[in-house]
Amino acid sequence: MSIHKNCYFLLILVLNIYALVSGDGVNVTASDSVDTLTQSSPYSPAAAVVLVNSPVFRKPDVDSIFSLNLLSSFPEDEEISVYCSDLLHIFGQRYVTYVNCSVNSARPVKVCQNCYSSYGSLTEIYLKISSDQVVPGNESCRDSILRNDRLMLVYLLYNNLEDIWGKSDCAYCVTKGFHSLTNDTLYFMSFVNQTLTCFEKYKEGNHTELCKSCKKTYRGLNELYSRMETKNPMCIDIEDVMNVTRKLWSKEYNCSFPREETVPVIAVSSFMLFLPIIFYLSSFLHSEQKKRKLIHPKRARSYNTLMNIQDKLS
């Protein structure tokens, strides 16, 4: 009986060794693998071994990775020319330059003064990309860069910056072609510097001296801003620096002066205030004059006198 058991054990051992050599290195039978999977959790080492050797979760080999690299470079080589690719690269560089300039000039606001040159360069390269000009190779960069997909990323990026430039009204402070600031802008900024220099000179100690000494300069700045405001919209740089200057004058240094346009308002208000008094006074004087001109009738005779006259007549 023991001899039969030993033979049976040796037979099973040989079969397992054969399965180990002929398989992928997994020393389990069908029944053993089922038992192992049912008893172990999904995160057990046995399950990990089965998943790794599964054809569904097979790792990509070297050839498949090489194929993916080819696919990732394929659209760039086929859909855009070298010329358009260079324009796109320049656009990216100038876009970053302008964005950095705008962020650094956010407070105090100097976007128009500091960034007009970089915005002009960005506009120039975008016009080349969006033009109908056919580049070497009979290709349009507008079609390959701006209109080749649903997102139109380059168009959206430029359009956002163009919208910011328009809301800033920087076109009223910069000459055409983005060469320099306008003469009015330069003159206004020089006037601002004079006013702020005066503030800086007298800000220590009693602010009464500041209000007295800087009154003329500050009044001239206000008058200049009012004249410019009637001609064109103010760019954000001029508008912001004027607001800051007014805040310093009124809140920081507690200075004030009567504005010339308030004089007519005060005169009209005073006239309207005294108008009822004038009306009633004139009415009273006019009624007194009428009383003086009224003719009074003679006093009527008494009743007894009238009766005597009637008796005599009868």
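These exercises walk through a predicted model of one protein chain, each with a worked solution.

**Exercise 1. Get an overview of the chain.**
How many helices and strands are in the chain, and what share of its residues count as buried?

*Solution.* 
- Step 1: Start with the elements. The chain has 14 helices and two strands.
- Step 2: Turn to burial. Of the 314 residues, 23% count as buried.
- Step 3: Take the surface. The accessible surface comes to about 23,900 Å². Carbon and sulfur atoms account for 60% of that surface.
- Step 4: Look at contacts between residues at least 6 apart in sequence. Of these, 64% join residues at least 24 apart.

**Exercise 2. Judge the confidence of the model.**
What is the mean pLDDT of the chain, and where does pLDDT stay under 50?

*Solution.* 
- Step 1: Read the average. The mean pLDDT is 76. A value of 70 or more is reached by 62% of the residues.
- Step 2: Check residues 1–7. Their pLDDT stays under 50, and the model has zero contacts beyond four places in sequence for them.
- Step 3: Check residues 23–57. Here too pLDDT stays under 50. The model has 15 contacts beyond four places in sequence for this stretch.

**Exercise 3. Compare the span of helix H5 with the expected value.**
Which residues of H5 are buried, and how many Å does the helix reach from its first C-alpha to its last?

*Solution.* 
- Step 1: Find the limits. H5 covers residues 82–104, which is 23 residues.
- Step 2: Compare spans. H5 reaches 33 Å, close to the 33 Å expected at 1.5 Å a residue.
- Step 3: List the buried residues. They are Cys84, Leu87, Phe91, Tyr95, Tyr98, Cys101 and Ser102.
- Step 4: Recall the helix repeat. An α-helix has 3.6 residues a turn, so residues three or four places apart point the same way.

**Exercise 4. Follow arginine 107 to its partners.**
Which residue forms a salt bridge with arginine 107, and what kind of peptide bond joins arginine 107 and proline 108?

*Solution.* 
- Step 1: Find the charged partner. Arginine 107 pairs with aspartate 240, and their closest N and O atoms are 2.9 Å apart.
- Step 2: Compare cover. Arginine 107 counts as exposed because its relative accessibility, 56%, is over 50%. Aspartate 240 counts as buried because its 13% is under 20%.
- Step 3: Look at the backbone. The bond between arginine 107 and proline 108 is cis, with omega about -10°. Proline 108 is also in the loop between H5 and H6.

**Exercise 5. Work along helix H8 and past its end.**
Where do aspartate 163 and lysine 167 lie, and where is aspartate 169?

*Solution.* 
- Step 1: Begin with tyrosine 155, which is in H8 (residues 153–167). Its relative accessibility of 36% makes it partly exposed.
- Step 2: Leu151, Met152, Leu153, Tyr155 and Leu156 form a nonpolar surface patch, with about 430 Å² of accessible area together.
- Step 3: Find the salt bridge. Aspartate 163 and lysine 167 meet at 3.4 Å, N to O. Both are in H8, four residues apart, about one turn of the helix.
- Step 4: Compare the two. Aspartate 163 is partly exposed at 40%, while lysine 167 is exposed at 64%.
- Step 5: Move to the loop between H8 and H9, the place of aspartate 169. Its phi is positive, about 55°, although aspartate 169 is not a glycine.
- Step 6: Most residues other than glycine have a negative phi.

Key:
Residues are numbered from 1 along each chain as its sequence is written. This is a predicted model: local features need pLDDT of at least 70, side-chain atom pairs count only at pLDDT 80 or more; totals for chains, interfaces and linings use all residues. Side-chain values use heavy atoms; hydrogens and water are left out. Patches are made of residues with over 30% relative accessible area and no salt bridge: like charges are joined within 9 Å, nonpolar side chains (Val, Leu, Ile, Met, Phe, Trp, Tyr) within 5 Å. Accessible areas come from the Shrake-Rupley method with a 1.4 Å probe; for residues, only the protein chains shown count as cover. A salt bridge is a side-chain nitrogen of Lys or Arg within 4 Å of a carboxyl oxygen of Asp or Glu. Buried means under 20% relative accessible area, exposed over 50%, partly exposed in between (1.4 Å probe, protein chains only). The expected span of a helix is 1.5 Å times one less than its number of residues. Contact means heavy atoms within 4.5 Å. pLDDT is the predictor's confidence in each residue, from 0 to 100.
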